[in-house]
Amino acid sequence: MTKRKFLSAILISLLILSAGCSGMTNTSGPNTTANTPNTTSPSSAEPESGNPSQLAPGLTEAGVTDAWALAQAHRDSLDNVTYTERSYRSVHTNETLLQNVSTTLMRGHGERYIYEFRTYGTEDAPIPNLTVFRNDSTLVQRISYENGTVAYTGPENAATPQTEQYGNVYSILSASNTTVVRSVERNSTTLYQVTSVGAPSESSTYAGVSNYEMSALVDSDGLVHEYELSYRTTRDGQAVNIADSLRFTHLGETVVQPPEWVVEVEQ
């Protein structure tokens with residue numbers, strides 16, 4: 001392997017791990033040590049009287065009562081189901097876009113998937129465009145650099161995204177107290193809007209950030225269909241505003257087909 005290919009492989013692996021795919025929106029979060037789920041999760045305040053209705057595992061009208069149970073229900077809802085997962089992250093100073101990262105994971109049956117990583121902004125990106133395709137017989141990666149150069153990597157060096165389905169869900173559900181503000185109907189499915197109502201706890205992934213806001217849509221099975229969060233933090237000594245979002249769509253309807261360039265590489 002050439003030195004350039006070796007360095008590229010390392011950079012790709014770092015990008016994939018930092019993007020996290022299913023946890024990929026947390027590419028440069030405020031706390032580099034991920035929250036480790038446990039069976040006892042932070043509880044939201046409940047009314048002194050009454051018995052709040054159970055809306056989903058770990059979720060009542062009072063808010064999230066068991067973040068770990070809800071995160072598990074979310075994961076189980078995606079188990080053995082095809083889906084498309086899209087995440088976005090933007091990093092700004094008050095006036096300048098430093099980085100914009102988007103990822104898409106089309107998860108098919110078995111080990112089939114297409115993963116795309118795109119980034120741009122004023123900060124240098126060693127690999128601005130990355131696509132990985134995998135099916136039952138092929139694992140290949142395509143890298144497109146800003147200068148127009150395109151490189152392909154086979155299974156021996158192709159970076160693979162994480163495929164667990166938590167998608168940073170536990171971190172956002174356990175960061176601070178939450179409340180359910182309303183329910184909405186979408187495609188004949190009732191979704192409950194869960195929002196944060198306070199600063200993140202000192203033990204959370206988002207400890208120490210300011211202006212923290214989070215909103216998520218959860219169905220009765222516990223699937224977090226989407227969430228958005230924003231906060232202000234310091235990165236490399238500079239105050240930045242970070243906005244993250246994640247959405248799961250096309251459950252049971254996602255079909256993974258090889259891109260045209262895969263056919264050309266195999267020929």
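This is a predicted model: local features need pLDDT of at least 70, side-chain atom pairs count only at pLDDT 80 or more; totals for chains, interfaces and linings use all residues.
1. The average pLDDT for the protein is 81, and 78% of the residues reach at least 70. The stretch to read with care is residues 1-49, where pLDDT sits below 50. Even so, that stretch has 120 contacts in the model beyond near neighbours in sequence.

2. Now the sheet. Eleven strands make an open sheet with antiparallel pairing, in the order β9-β8-β7-β6-β5-β4-β14-β13-β12-β11-β10. The edges are β9 (150-153) and β10 (178-186); each has a single partner strand, so one side of each has no neighbour in the sheet. From one strand to the next, the twist averages 10 degrees.

3. Ser 215 stands opposite Glu 228 in β13.

4. On to the rings: there are five aromatic pairs. Trp 68 and Tyr 170 have ring centres 6.0 Å apart and planes at 85 degrees; that angle is over 60, so the pair is edge-to-face. Trp 68 belongs to helix α2 (residues 67-78) and Tyr 170 to helix α3 (residues 169-174), 102 residues apart. Trp 68 is buried at 15% relative accessible area, and Tyr 170 is buried too, at 7%.

5. Tyr 152 and Trp 261 form a tilted pair, 5.8 Å centre to centre with 35 degrees between the planes. This links strand β9 to helix α4 (residues 260-266) across 109 residues. Tyr 152 is partly exposed at 36%, whereas Trp 261 is buried at 12%.

6. Lastly, Tyr 206, Tyr 212 and Tyr 231 are linked into a cluster by ring pairs.

Methods
Residues are numbered from 1 along each chain as its sequence is written. Side-chain values use heavy atoms; hydrogens and water are left out. Two strands pair if DSSP finds at least two bridges between them. Helices (H or I, at least four residues) and strands (E, at least two) are DSSP runs, numbered from the N terminus. Axes are lines fitted to C-alpha atoms, for helices over the stretch in contact, and angles run from 0 to 180 degrees between N-to-C directions. pLDDT is the predictor's confidence in each residue, from 0 to 100. Contact means heavy atoms within 4.5 Å. Rings of Phe, Tyr and Trp (its six-membered ring) pair if their centres lie within 6.5 Å; planes under 30 degrees apart count as stacked, over 60 as edge-to-face and the rest as tilted. Buried means under 20% relative accessible area, exposed over 50%, partly exposed in between (1.4 Å probe, protein chains only).
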